[in-house]
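Thanks for coming. I will walk through one structure, a few places at a time. Please keep the sequence and the view open.

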Amino acid sequence: MGTAAVAIPFRQFLFRRFVDARARTDEIFQIVRPEALYDRPIPERHRIIFYLGHLEAFDWNLLNDHLFGLKSIDKSFAQLFAFGIDPVGGGLPDDPPSAWPSRSKVERYNRRLRSAIDEQLIKLSFDDPGKPLFRDGFLLQVAIEHRLMHAETLAYMLHQLPLDRKSAHVQGPAPESSHQSPHMVEIPAGTATLGMPFPSQRPGAERFIGGPFGWDNEFPEQCVDVPAFSIDAFPITNREFLEFVRGGGYEHRPFWSDAAWAWKEKAGIRHPQFWRQHGETWFYRAMFAELPLPLDWPAYVSHAEASAYARWAGKELPTEAEWHRAAYGSLDGSERAYPWGAALPAPRHGNFDFERWDPVPIETFRAGLSGFGVAGLLGNGWEWTSTVFAPLPGFQAFSFYPGYSANFFDGQHYVMKGCSARTAACMLRRSFRNWFQPHYPYVYAKFRCVKR
């Protein structure tokens with residue numbers, strides 16, 4: 001006999017999510033062998049040790065500055081671990097391992113922060129008029145999603161760590177392929193709704209509180225008229241991208257923008273970052289093994305490579321609004337919460353919410369089809385758009401975190417939509433926007449093309 005689900009108070013639910021998010025990031029640090037903690041798997045990023053301290057320092061800095069008002073536990077560590085880096089224009093960090101504190105010191109710092117945070121959170125009320133940023137647990141939701149984002153970005157980083165520098169995890173075999181012939185789907189003209197409305201008219205940060213959680217770049221709602229277009233029914237696969245590689249796509253100058261060509265030539269890039277070639281045979285660098293190239297998995301590439309492929313194919317990358325229209329629109333003119341409808345995300349809908357470490361064949365999740373019959377829009381990899389990351393009209397930055405989005409409104413980052421296997425389910429909401437530089441090849445990002 002089944003047991004009826006019991007509703008729990010929102011406060012208890014949110015605290016449970018916070019604990020679960022901590023467990024998720026604790027889990028990923030366990031992948032790193034002790035001797036690799038000071039490695040830098042991605043040249044543009046900090047050493048792994050930074051992220052071990054960053055997650056706790058971010059929580060402390062955010063919650064203490066705006067809620068607790070306590071004396072700093074360690075000012076030097078709070079500053080050292082405050083912010084990550086996203087260098088643009090070729091500048092790379094060059095700090096040696098010796099510039100960072102020992103693991104034992106960082107872990108001791110982390111334990112002190114967690115203990116202090118938990119002690120204070122228990123005392124706070126969600127409706128204290130003197131702490132408006134904690135109404136509905138708002139800042140706690142910020143901390144939870146920030147940590148879950150890092151659970152994904154850390155996976156990108158550790159994917160590049162040599163196999164012998166990490167401890168293997170067991171996952172079930174990927175579903176078998178049933179090769180689908182590439183084809184396009186006609187999307188009729190219609191409206192795409194980007195973002196979400198501000199929950200209230202209160203000034204400042206309180207304007208974001210009182211409705212579904214979102215980051216500042218997700219507000220306010222914007223309706224866009226989208227002309228008719230055609231879009232690939234499935235993401236581009238490794239099989240299709242291999243045709244581009246074998247056809248000399250990386251050597252043909254007209255397929256690449258000036259900046260992309262300069263980046264590619266300087267770095268000697270001739271294939272996707274996730275591929276390896278041994279003799280005449282191609283392999284795929286999965287999280288915990290090297291595999292024969294899975295031809296029906298989506299091709300993970302940079303924006304520059306996706307754009308070059310699209311030109312080679314005589315197509316283009318979709319705009320953010322076109323992607324929304326294909327994903328959430330329907331034949332009756334309504335817009336859905338998710339491509340498949342109103343049902344909350346579940347394993348049958350796609351490869352997301354930490355279900356796997358690697359992608360699966362593109363045709364696996366038929367339950368995730370959009371109203372127009374477009375497959376794989378949520379899960380198995382983010383999807384590049386041609387839209388430069390910029391504020392929606394009426395944008396207002398978070399007063400407590402003004403640079404979260406605004407620092408990247410620089411014309412050098414592109415919007416990504418969808419999600420990957422390592423994206424938490426809470427970020428599958430329609431309004432969520434991700435972004436990366438066009439020459440960053442490490443992210444779990446696939447793509448599909450359009451014709452107008």
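Leaving aside neighbours within four places in sequence, which residues is isoleucine 117 in contact with? This is a predicted model, and in it the contacts of isoleucine 117 are Phe18, Arg22, Asp59, Trp60, Leu63 and Phe68. Isoleucine 117 sits in helix α4. With a relative accessible area of 0%, isoleucine 117 counts as buried, because buried means under 20%.

Next, the core. The largest nonpolar core has 141 residues. Those with the most contacts inside it are Phe138, Phe241, Trp384, Phe400 and Phe447. Helix α5, residues 138-159, gives the most to this core, with 14 residues. Take Phe400 as an example. Residues up to four places away in sequence are not counted here, and phenylalanine 400 touches Leu62, His66, Leu133, Phe138, Leu139, Val142 and Ala205.

Now a pair of helices. Two packed helices are described by the angle between their axes and the distance between the axes. Helix α6 covers residues 238-246 and helix α8 covers residues 303-312. Their axes come within 11 Å and cross at roughly 75°. That angle falls in the range of 65 to 115 degrees, so α6 and α8 are roughly perpendicular to each other. On the α6 side, the residues that meet α8 are Glu240, Phe241, Glu243 and Phe244. On the α8 side, they are Glu305, Ala308, Tyr309 and Trp312.

On to a sheet. In what order do the strands of the open sheet of 3 strands come? The order is β5-β6-β7, and the pairing is antiparallel. The edge strands are β5 at 275-278 and β7 at 290-292, each pairing on one side only. On average, neighbouring strands of this sheet are turned by 40° against each other, direction ignored. Between β5 and β6, which spans residues 281-285, there are 4 bridges. For tryptophan 275, the bridge partner in β6 is tyrosine 284.

A few backbone points now. Most residues other than glycine have a negative phi, and most peptide bonds are trans. The peptide bond from phenylalanine 219 to proline 220 is cis, with omega near -15°. Proline 220 lies in the loop between β2 (190-194) and β3 (222-226).

Two aspartates have a positive phi: about 60° for aspartate 136, and about 55° for aspartate 353. Aspartate 136 is in the loop between α4 (103-123) and α5. Aspartate 353 is in the loop between α9 (320-328) and β8 (381-388).

Last, the cysteines. A disulfide is a covalent bond between the sulfur atoms of two cysteines. How many disulfides are counted here? The count is 0 disulfides. Cysteine 426, for instance, is in no disulfide: the nearest cysteine sulfur belongs to cysteine 419 and is 11 Å away. Cysteine 426 is partly exposed, with 25% relative accessible area. Cysteine 223, at 54%, counts as exposed, because exposed means over 50%.

That is the tour.

How values were computed: Residues are numbered from 1 along each chain as its sequence is written. This is a predicted model: local features need pLDDT of at least 70, side-chain atom pairs count only at pLDDT 80 or more; totals for chains, interfaces and linings use all residues. Side-chain values use heavy atoms; hydrogens and water are left out. A disulfide is a pair of cysteine sulfur atoms within 2.5 Å. Buried means under 20% relative accessible area, exposed over 50%, partly exposed in between (1.4 Å probe, protein chains only). Two strands pair if DSSP finds at least two bridges between them. Helices (H or I, at least four residues) and strands (E, at least two) are DSSP runs, numbered from the N terminus. Axes are lines fitted to C-alpha atoms, for helices over the stretch in contact, and angles run from 0 to 180 degrees between N-to-C directions. A nonpolar core is a set of buried Ala, Val, Leu, Ile, Met, Phe, Trp, Tyr and Cys residues joined through side-chain atoms within 4.5 Å. Contact means heavy atoms within 4.5 Å. Angles under 35 degrees count as roughly parallel, over 145 as roughly antiparallel, 65 to 115 as roughly perpendicular and the rest as oblique.
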